[in-house]
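Colleague: I've just opened this model and I'd like to learn how to read it. Please take me through it, one feature at a time.

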Amino acid sequence: MNAILAVIRRDLLLAMRRKSEVLTALFFFVIVVSLFPLGIGPEAALLKKIAPGILWVAALLATMLGLARLFAPDHADGTLEQMVLSPTPLGLLITGKIAAHWITTGLPLVLLAPVLGIQFDLDAEALGILVVALLLGTPLLSLIGAIGAALTLGVRGGGVLLSLLVLPLYVPALIFGAGAVEAHISGLGAGGHLSLLAALLALAVFFAPWATTAALRIALE
Amino acid sequence: MNNKIINWFKYASPQSFYPLAGKMIPWFWALAAIFGGIGLWITFFAAPTDFQQGEGYRIIFIHVPAAWMSMFIYIVMAGWAALGLALNTRLSGMMAQALAPTGAIMAFLSLWTGAFWGKPMWGAWWVWDARLTSALILFFLYIGFIALQAAIDDPRRADKAGAILALVGVVNVPIIYFSVKWWNTLHQGASVSLTKAPTMAATMLWGMLIMALAFWMYSIAVALTRVRAIILEREAHTEWVKELPEVKGTGQ
């Protein structure tokens, strides 16, 4: 547990020293969300209907921006090799890194989403559900994305390849995340969607660090 | 018993598998041609015209086997990938790599023929039906696998990375399928459901099964041909490849 906290603290410290990277992903999220009304037209009823989908797709893309940086700098300066050699299990350290990635990219999205949701005329309850869904969903995105980031570490054209690998795997998170808000708006209740999202998160917390570790060991072989 | 085990592992080496595959390929091609011939004859001549769908329904004799193969091949590929990771055999990775393009083609074919079928039947090239959508995502997974393997220069690393991706994919395929299914049912359902298939005439069923066999044989033949090419490429530095009659003449 100490090891995880140490890794999180280190990654957060590094992120704070290079604030621009964190802020870039955040502004990317804001800009993508703001582009949709410009492309679709200012009709309030339509925008309200597609708002959850837009916010979720933008969150997927913004999370992906940060993924390429998840392991690459540590790989470049040799930190990653030291982590592999350290007596602490690599899986724990990787879990810490994924948690730090979520705190720097996922959590700001969760906090910012309600503000953007207001632009789309979502009511307070729908905004609450959006926040809960993103709170369950963004860690899932970080966990699944970490597998892709580890697989493409040091590979030619890694960034584009990463999106090709990871985006199809994000489909369930997108469906249940955006679906929760939509189900609430249409009066069906968001409970089922949120439970499924939480179930997926539980599965991913268990399996994703393990797969990521295996992929990293192959990359560093 | 002991002998059998040794026999199996004998063919795990590319050197002994290469000639074996070479011997098997003509047989699978022949079977593919025979089943394909019978299947196509049933498709065009023996199967009755559907009273609801007319002649257009005949495309399902290609569509359904292609869709089946696209799913089977992914599972087989993941199986080889798991074997490769567990036993660290070189041939497993080569088999997975050889299967991927065939699987991708099958997935593409099923989407393409599905669109041709959907236009006259549903009046739309594409509907966001659960099966169509998950088939599309399966196609993306194949493309991701092929792209990842192509991007990594070291073949051993490419095999292992591809194996992990294939396994992550195979865990996700059912999750994706059900999530898309629930997504679809919570939206307005598609007006025509594929799951409620009308009872089928026996000839049609037979035609479809024989076509499916033809697709199986074709896929095996193509995968074996491709794996032979991959073996030659990767083992080009070895003595036994240089000794092969088909390589010797070319003068490298």
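Modeller: Let's start with A:Asp121, which is exposed because 12 other C-beta atoms lie within 10 Å. The rule is a count of other C-beta atoms within 10 Å of a residue's own: 20 or more is buried, 12 or fewer exposed, in between partly exposed, with C-beta atoms placed from the backbone. Keep in mind that this is a predicted model: local features need pLDDT of at least 70, side-chain atom pairs count only at pLDDT 80 or more, and totals for chains, interfaces and linings use all residues. As for names, residues are numbered from 1 along each chain as its sequence is written, while chains are lettered from A and ligands numbered from 1 in the order in which they are written.

Colleague: Where is A:Asp121 found?

Modeller: In the loop between H5 and H6 of chain A. Those labels count DSSP runs from the N terminus: helices are H or I with at least four residues, strands E with at least two. Chain B has its own case in B:Asn88, another non-glycine residue with a positive phi, near 60°. You'll find B:Asn88 in the loop between H3 (60-87) and H4 (90-122) of chain B, and it is exposed because 12 other C-beta atoms lie within 10 Å.

Colleague: What does the secondary structure of chain B come to?

Modeller: 9 helices and 0 strands. Of its 252 residues, 38% are buried. Next, contacts: two residues are in contact if their C-beta atoms, placed from the backbone, lie within 7 Å. Take the contacts in chain B with a separation of 6 or more, and 78% of them join residues 24 or more positions apart.

Colleague: How many residues of chain B are in contact with chain A?

Modeller: 22, and they meet 21 residues of chain A. On the chain B side, helices H5 (130-151) and H6 (155-186) each supply at least two residues, with H6(B) giving the most, 13 residues. By class, that side has 17 nonpolar, 3 polar and 2 charged residues. Here Ala, Val, Leu, Ile, Met, Phe, Trp, Tyr, Cys and Pro count as nonpolar, Asp, Glu, Lys and Arg as charged, and the others, Gly among them, as polar.

For a view from chain A, click on A:Pro172 in helix H8 (residues 171-185) of that chain. It is buried, since 24 other C-beta atoms lie within 10 Å. Beyond its neighbours within four places in sequence, A:Pro172 is in contact with B:Ile175, B:Ile176 and B:Ser179, and with A:Leu200.

Colleague: Which residues touch the most other members of the largest nonpolar core?

Modeller: A:Leu55, A:Ile144, A:Ala150, A:Ala215 and B:Met77, out of 143 residues in that core. Helix H6 (residues 124-151) of chain A gives the most to this core, 15 residues. (A nonpolar core is a set of buried Ala, Val, Leu, Ile, Met, Phe, Trp, Tyr and Cys residues joined through C-beta atoms within 7 Å.) Setting aside neighbours within four places in sequence, A:Ile144 is in contact with A:Val166, A:Leu169, A:Tyr170, A:Ala204 and A:Ala208.

A:Gly148 is also found in H6 of chain A, and counts as buried because it has 29 C-beta neighbours inside 10 Å. Its contacts beyond four places in sequence are A:Leu67, A:Leu162, A:Leu165 and A:Val166.

Colleague: At what angle do the axes of helix H3 and helix H5 of chain A cross?

Modeller: Roughly 155°, with the axes of H3 (residues 44-76) and H5 (residues 90-119) coming within 10 Å. That makes H3(A) roughly antiparallel to H5(A). Among the residues that meet are A:Leu55 and A:Gly66 in H3(A), and A:His101 and A:Leu109 in H5(A). The contact has 8 nonpolar, 7 polar and 1 charged residues.

Colleague: At what angle do H5(A) and helix H9 of chain A pack?

Modeller: About 110°, with their axes 9 Å apart; H9 covers residues 191-220. H5(A) and H9(A) are therefore roughly perpendicular. The residues making this contact include A:Ile94 and A:Ile98 of H5(A), plus A:Trp210 and A:Leu216 of H9(A). They divide into 6 nonpolar, 4 polar and no charged. Axes are lines fitted to C-alpha atoms, for helices over the stretch in contact, and angles run from 0 to 180 degrees between N-to-C directions. Under 35 degrees is roughly parallel, over 145 roughly antiparallel, 65 to 115 roughly perpendicular and the rest oblique.
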